[in-house]
Amino acid sequence: MTATVSGGDESKFDGPLTSTLDPNLKYHYGAVVDGIESDDTITITPQSAPQVARHEGYEMAFLDMSEMELTVES
């Protein structure tokens, strides 16, 4: 997974998200990004199919994953 964080005309982050385990969040991807503000845009882009769990039908279920765009709200 990679992410881009931008606000106004400025790019605040553009790079990979690190996979990790957390006692509260469980398995997740993340990055430390300073200076995120309201109305900034976060774009998350999968680089490959997820490898965490396998189940019947998995081979087709997650192969076409589009990027996701979010707007930060206060």
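The model is predicted, so residues are numbered from 1 along each chain as its sequence is written, while local features need pLDDT of at least 70, side-chain atom pairs count only at pLDDT 80 or more, and totals for chains, interfaces and linings use all residues. Side-chain values use heavy atoms, with hydrogens and water left out.

Visitor: In what order do the elements of the chain run from the N terminus on?
Guide: Helices (H or I, at least four residues) and strands (E, at least two) are DSSP runs, numbered from the N terminus. The chain has 1 helix and 6 strands. From the N terminus on, the order is β-β-β-β-β-α-β.

Visitor: What percentage of the 74 residues in the chain is buried?
Guide: A residue is called buried under 20% relative accessible area, exposed over 50%, and partly exposed in between, with a 1.4 Å probe and protein chains only as cover. Among the 74 residues of the chain, the buried share is 16%.

Visitor: Which side chains meet in a salt bridge?
Guide: A salt bridge is a side-chain nitrogen of Lys or Arg within 4 Å of a carboxyl oxygen of Asp or Glu, and by this rule the count comes to 1. The pair links distant parts of the chain, 28 residues apart, with one partner in strand β2 (residues 10–16) and the other in the loop between β4 and β5. With 2.7 Å from N to O, the two side chains are those of K12 and D40.

Visitor: Is D40 buried or exposed?
Guide: Its salt-bridge partner K12 counts as partly exposed because its relative accessibility is 21%. For D40 the relative accessibility is 4%, so D40 counts as buried.

Visitor: How much space lies in the largest pocket?
Guide: On a 1 Å grid over the protein atoms alone, a pocket is an open set of points where a 1.4 Å probe fits, with protein on both sides within 12 Å along at least five of seven lines, and lining residues have an atom within 4 Å of a point. Grid points are joined across faces, edges and corners, and a volume is the space filled by probe spheres set on the points. For the largest pocket this comes to about 160 Å³.

Visitor: Which elements give two or more residues to the lining of the largest pocket?
Guide: The lining consists of A3, V5, F13, L17, Y29, G30, A31, V33, I36, I42 and I44, and these divide into 10 nonpolar, 1 polar and no charged. In that division Ala, Val, Leu, Ile, Met, Phe, Trp, Tyr, Cys and Pro count as nonpolar, Asp, Glu, Lys and Arg as charged, and the others, Gly among them, as polar. The elements asked for are β1 (2–7), β4 (26–30) and β5 (41–45).

Visitor: Where is D39 placed?
Guide: D39 has a positive phi of about 80 degrees although it is not a glycine. At 60% relative accessibility, D39 counts as exposed. Its place is in the loop between β4 and β5.
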